Amino acid sequence: MAIESGKYAIVGLGITKQGKLPDYTTRQVVAWAVKEALDDAGLERKDIDGYIYGHQDPSVVDLRYLGLTPKFSWYMQTGGATASATVMAACGAMEAGLAETVLLVGAHRPWSTRAQIGGHGYGIAQAWGLVSPVASHAFHASRHMGVYGTTPDQLGTVAVVQREHACKRPDAIEYGNPITLEDYYNSPMICAPLRRLDCTRDTDGGVAMIVTTAERARNLKSKPVFIRGLGVGHNIRRWHDKSLYNGLDCATAKESAFRMAGITTADVDVFQCYDAFSINVIMQLEGYGFCNEGEGGPFVMGGDTRLDGRIPTNTGGGQLSGWYVMGYTALSEGLFQMRGQAGETQVKDAEIALVTGHGANAGVQNTWAHGCVVLGK
Amino acid sequence: MTTTQKPDPKQFVADELDLPFWEGAARHKLLIQHCATCDRYYWPASICMQCGKQDLPWVEACGKAKVYTFTVIHRPWLQNWAADTPYNVTVVELDEGPLMFTNVVGCGNDEIELGMPVEVTFTDLDGGGTLPQFRPATG
């Protein structure tokens, strides 16, 4: 049985400086994000009774250093789906009566440590020289281009539109740095058909947020954002029916999340989708029904993901023009939009935000875990 | 194309379950798994999705396939492959059904397209091991 829509809420949001943090350790970045989130919510450390850290390195889970004494401390990692997965784990723990104020943290320093996100080790296909998430996502892009006629102009326009959003947001890394399609074509080819400007970058930074009951959330300092829907899918299904490289398993996630929230695609006011690469945006616009299968490219070209378009998408610039913390970028922007704190890219009267993430291969390339969270006022 | 620096592909197997594939490649045989009960083929090591049978026998594939998707890698993250850039990594759909990772050789990267018929060819690596690769089909 699904959790009741709106029973839990996300309160305090803490975001550290994003980009380059060479003078910090990862533990310090975590502590920074935690302090910001607690201050934002008006909660104290002793109030936190559950802790979930979205990272693959357990050595960075240091509750002593954070001054926390929760009843549980879990670390979990499923690539770009980590943020949504930690929200689900928090809701599940609360639903089971195990906790009532759960702190979620994502933090890493790949820029400073020169650790490539996703790593080199991509399993068996590495024998043929396949490395890195960008090569895997290029499989998606080539397939999408071949099957549906998606064009480089359309991929480039995803990057251009998100940069337009970033140029309105001083908190985006690429603020003040607009790009054109010509810039896109001048950016180097990484794994064809994906160029440098199709890719997110490896930024340092941390994010923390707190999940609690709606009842408790209403009495806290920060404006609560309610969790309306939760959904998961997995692309391993599509390995077996050989539609794997056409898209992501949004359909399964959408079905449960939208049922829980009692909404349809038309009710979604802002879309914060996981954009490790430009092609992800196109596939997810299709997967969640904002346009028909194969029409994501023309949809973006037509301006429908702009602020005045049919579904304003990645309004903070996304990961392409902003920063990357394992899916917490999209989740944070969803919270900003629901709190009315998205500055110049605030979508007026937005009531429902859809947030997604995908990541972590499970057997072969592109068998990603997918997750989504529907947020509401 | 120099192959001297490429790692022995056997080092990328998660465990011994995929070893028969690489041992077959060394004998220039393209091996995939077959469930005789359901007449379904699998790659890499799998259990049968239909009946759940484990330890499926490895059988020789016919070696014919079609290009399913591909990428051309320009940035040599792996120095073993640096001399080859730009090189392709391609997913092919074997005639027996499964998808498989490979490289397409014997034509330019700009000649590769979805649906293109290809056939297996084996490249012995100087550093040990053999890579099953595919070339444009001859007939």
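Which residue stands opposite Val105(A) in E7(A)? Ala208(A) does. The points below place that pair in the rest of the structure, which is a predicted model.

1. Strand E7 and its partners. Strand E4 (residues 101-108) of chain A pairs with E7(A) in the antiparallel sense, over eight bridges. Strand E1 (residues 8-15) of chain A is also antiparallel to E7(A), and six bridges link the two.

2. Burial of E7. Why is strand E7 (residues 205-213) of chain A described as largely enclosed by the rest of the structure? Eight of its nine residues are buried, so the strand is largely enclosed. Buried here refers to a relative accessible area under 20%.

3. The sheet of chain A. E7(A) belongs to an open sheet of nine strands with mixed pairing, in the order E3-E2-E4-E7-E1-E8-E11-E10-E9 (chain A). The edges are taken by strand E3 (72-75) and strand E9 (270-272) of chain A; each has a single partner strand, so one side of each has no neighbour in the sheet. On average, and with direction ignored, neighbouring strands of this sheet are turned by 25 degrees against each other.

4. Strand E2 (residues 50-53) of chain A runs parallel to E3(A), and four bridges join them. Gly50(A) is placed opposite Phe72(A) in E3(A). H3(A) packs on the sheet and touches E1, E2, E3, E4, E7, strand E8 (225-234) and strand E11 (369-376) of chain A. The direction of H3(A) makes about 115 degrees with that of E8(A).

5. Nonpolar cores. The largest nonpolar core has 135 residues, and Trp128(A), Leu375(A) and Phe101(B) have the most contacts inside it. Helix H3 (residues 82-95) of chain A supplies the largest share of this core, eight residues. Apart from this core lies another, of 27 residues, which includes Ala31(A), Leu43(A), Ile210(A) and Leu220(A).

6. Trp128(A). Which residues does Trp128(A) contact, leaving aside its neighbours within four places in sequence? They are Phe21(B), Trp22(B), Trp43(B), Trp81(B), Tyr87(B), Val89(B), Met100(B), Phe101(B), Thr102(B), Asn103(B), Leu131(B) and Pro132(B).

7. Chain A overall. Chain A has 14 helices and eleven strands. Its radius of gyration is 19 Å, close to the 21 Å given by the globule rule for 377 residues, so chain A is as compact as a globular protein of that length. Along the principal axes, the C-alpha atoms of chain A fill a box of roughly 55 × 45 × 40 Å.

8. Burial, surface and contact range in chain A. Of the 377 residues of chain A, 64% count as buried. The accessible surface of the chain is about 12,900 Å², and carbon and sulfur atoms account for 50% of that surface. For contacts in chain A between residues at least 6 apart in sequence, 71% join residues at least 24 apart.

9. The sheet of chain B. Three strands make an open, antiparallel sheet in the order E2-E1-E3 (chain B). Strand E2 (40-42) and strand E3 (58-60) of chain B are at the edges with a single partner strand each, so one side of each lacks a neighbour in the sheet. The twist averages 50 degrees from one strand to the next. Three bridges hold the antiparallel pairing of strand E1 (residues 31-35) of chain B with E2(B), and Gln33(B) stands opposite Tyr42(B) in E2(B).

Definitions and conventions
Residues numbered from 1 in each chain as written. Chains lettered and ligands numbered in written order. Predicted model: local features only at pLDDT ≥ 70, side-chain atom pairs only at ≥ 80, totals over all residues. Heavy atoms only, no water. Pairing = 2+ DSSP bridges. Axes fitted to C-alpha atoms, helices over the stretch in contact; angles between N-to-C directions. Core = buried A, V, L, I, M, F, W, Y, C linked by side-chain atoms within 4.5 Å. Buried < 20%, exposed > 50% of the residue type's maximum accessible area, 1.4 Å probe, protein only. Contact = heavy atoms within 4.5 Å. Rg over C-alpha atoms; globule rule 2.2 N^0.38 Å. Areas by Shrake-Rupley, 256 points an atom, 1.4 Å probe, with all protein chains shown as cover.
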